[in-house]
Amino acid sequence: MTIDATGGLIGLSLLGGTAPADLWSPPATESRAVRIARAQYLLRPVTPPWKESRSPPLLSSEVAAIKLLRSIVEPARSGLPADVATAITAYKAIDRLRALAEASVKGGDAGRAALSPAFARGMADLAGFLAEAPGDLLTLSMDKPGRRAQSVALAAAPQADVAGKPVAKQRGEALSGLSGTERFEIRLSKTGGTDTVTVDLAGTPQPPTLDSVAAALNAAIAAIPLRNPDGSLALDVNGQEQPRWLTNFIVTKGSDGWGLKLQTMGIERVSVSQLDAPSTLAVAIGAGITGGAAALRQIRIDDPAGAMAHSQFGEVRAIDTLATAEAMLRSAPKPLLPGGPVPSRDVAAGLDVRASVSDSAGNLYVVGSSAGALGANRGDGGSDLVLTKLDSRGEVVWHQALGAQGTGEGAAIALGPNGDIVVAGTVSGAFDGATSDGDMLVARFGADGAQQMTSLVRAVGADTAQAVAVAADGSIVVGGRSASGDALLARIDPSGRLVERRSIDGGGNDSVRALAFAGDGSLVAVTQENGGAVVRRLGTTLADDRASLALGNFEASALALDGAGGVVVAGTGAGGQGSRDAIVARVDATLTNASTSLIGGAGDDRADSIALIDGQIYVGGRTSGALGGAARTGAVDGFVARIDAVSGAVSAVHQWGQAGETAAAVEVNVSHSDAGVRALGFASGELNPEPSARLIDQASLRAGEYFSVRVDGGAPRRIVVETGDTLKSFAERLGRLAGRAVKVTAAHADGGEVLRIEAQAGHRIDLIAGAGSDDALARLGLAPQQLVAALPVSDKAPRVRPGGNFGLDLSPALNLRSAASAALALDRMQAAISTSRSAFRSLYWDDNKAAIVDGAANKGKVSPYEAAQLGRYRDALTRLTAGQPTANLFGQ
């Protein structure tokens, strides 16, 4: 099938429908060019809906009728040519959306709330119809017409070279932050082996500079020899030993100063950590403007035994993609200064931080929930469980979203014995081919973000996960609350199989609040039973109760275990000044005795988390008052308190906040100082991490989700996401499926790698969404649409042709949630109605087309009015067929 995308201009009678006789009169005898052009228009005349003689309905009656429709897209009457039917069907659907938007503009908040769901469904129905609407001459696009579609950017492959941050103004100056006595461990790995070397700066020239440190690192790496399979040294042709590793560090200069750059061949992974580093606190915080969207922030307390001053790193925000797109529709951002950067118009979505854990390299893993986009993860508008890995400088290494097809909520996190990350949460709705009514979920991820296992603990009714722990053998225990109000425990083996469960009925609204495995293999659980906190020690099975102790009437939130088997529990309860206080209970190893400490003032104080360092207890929490002599800064501030593990005395409280902000969860974790590595411009841990390349790990996709492609009106061909798919393999498979009419590539764009689908000349490609929650198209950031590429047009071809490409300029971000949004939607619908009419007129001959043909035949010798009219046509075409070639229409 040949597609001519330039013919759409000729149907633009939007200046009046047909040319009035007093503006242009056809010659008595048609020119040969006109006769040739007119002969292409063969469709029999059809009266469009807007020309039918009938009284317009009342808006209220129109809206009431629309509400009764199963879909705003109703097929045109039978017997119509496909192109005509498409134009009329689209017009009617858009007009119904116009009615909903108009009623929302004229109605109040309650009216908009009632009409908003119908409008959203209608937009989705129209997009689905247009994505596969039939026709040979005419293509209507929901947004702008084009030949290419591109997915959201996924993470690019790791670079062979990694530049550290500038750390010196002059190359030879002493490095700030290094004493010269630091010892670094370098770990090098690749397929086939791993080596670890130590570099002691005490043996290098003092004070340390970039060149002296680089020389010491390179010498240690080069000293590792390459060996033959039999263990003998590998020698070059000159008999010299060959190094095993090609990695080295060089000194480079950037615009902000001098720093180090790691150079590898792209196949060697390099980690750097500081030995004998003191313990620090890595703190994950949920915080945001009061009443607004919360973000994730990381702070580090390098001197927990001292003044507890903190360093704050960047923040992580989820993005409301539809609200951001709507903001862009209202007004495109402009640079604040000529030639300067364009400010972001991103609209934040809430990010609920629930729990965090730190690994031995200083990375921080944070689990929570969000309905927004994080990196390449695009949800379906519902809340999803999200997991973020931050390096020791607070920079994002990767994001993971569970890809729950209903809703997902993150609740708890723990590290496995091999460094895997295990998270617990709750899912409802469709998930992995089944339907959940609210079940506890456990998922395990590798340090590279690869999802290794998910397991649902199925039960009748809505259960909720709240805690998780991992045993030395890799088995997992998840705890929470059952639908019946009992505390619930479940054990899952390393493969994800449910092997044991237990309910605890304490006589009230009970739940499991925290879990941890002790060094002897016993499981310590903190439960909420009948309003009070209880600590329990369980044996080899969940039914094996070894000891328990009631701690009193407070709401438990976290626990930690000391080296002697003692238990420390944090929570919140009634305080001494009529408000709530943070409570810390210290319990002996036999669970027979407990003592408590209070952290509180005149405001409400809450404990969220707990950590132990060198005989000191550190509690993370939030306060609406003032603690430790510090004045409150925000509506609710965060705090970290230090308590002596023996006496229970509160020795220090560090409080912080920002004006107008509310702190949410404050999660403290034991980490180790990376000050020496930061002084070199790097984060502690792997310098060139390689995130998992699988599609299901790069985006919020689940195996089995799919979308379809239709080539030139043929049968739809389904492409299904498979567990092992990478972007490259998926693109290759889609290309083979679609054939030569489509070019499918994994391309570099937008700072990452994208899936690019492009129609080849003379072909039309329909991208069709998968059914319901199984749609992979939206999770890749792609909309249902038609891609059309025109064949080159000969200079001898008629200057007008029936049909063409028309863009309705209807963004999926249009909505009726507010008065301003409804007004914007109404404006866009009115414009789209005009476009749909023009698309219909493009299929039929009229006097305006004759004028254009004769103007072209006369080599542009037209009257001033006709020239102005053609100019208006050109402007209209620019709006309607953006991105399509048009110059040949006017012989320019």
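Trp 845 has a relative accessibility of 21%, so the residue counts as partly exposed, where buried means under 20% relative accessible area, exposed over 50% and partly exposed in between, with a 1.4 Å probe and protein chains only. Tyr 41, at 11% relative accessibility, counts as buried.

This is a predicted model, in which local features need pLDDT of at least 70 and side-chain atom pairs count only at pLDDT 80 or more, while totals for chains, interfaces and linings use all residues. Residues are numbered from 1 along each chain as its sequence is written, and side-chain values use heavy atoms, with hydrogens and water left out.

## Aromatic pairs

The structure holds seven aromatic pairs, meaning rings of Phe, Tyr and Trp (its six-membered ring) with centres within 6.5 Å, counted as stacked when the planes are under 30 degrees apart, edge-to-face over 60 and tilted for the rest. Among them, Tyr 41 and Trp 845 pair edge-to-face, at 5.5 Å centre to centre and 65 degrees between the planes.

Phe 249 and Phe 682 also form an edge-to-face pair, with 6.2 Å between centres and 70 degrees between the planes. Phe 249 is buried at a relative accessible area of 3%, and Phe 682 is buried at 6%.

## Charges over rings

The charged end of Lys 190 sits over the ring of Trp 245, 4.8 Å from its centre, the criterion being NZ of Lys or CZ of Arg within 6 Å of the ring centre and within 35 degrees of the ring normal. The charged end of Arg 718 sits over the ring of Tyr 706, 3.8 Å from its centre.
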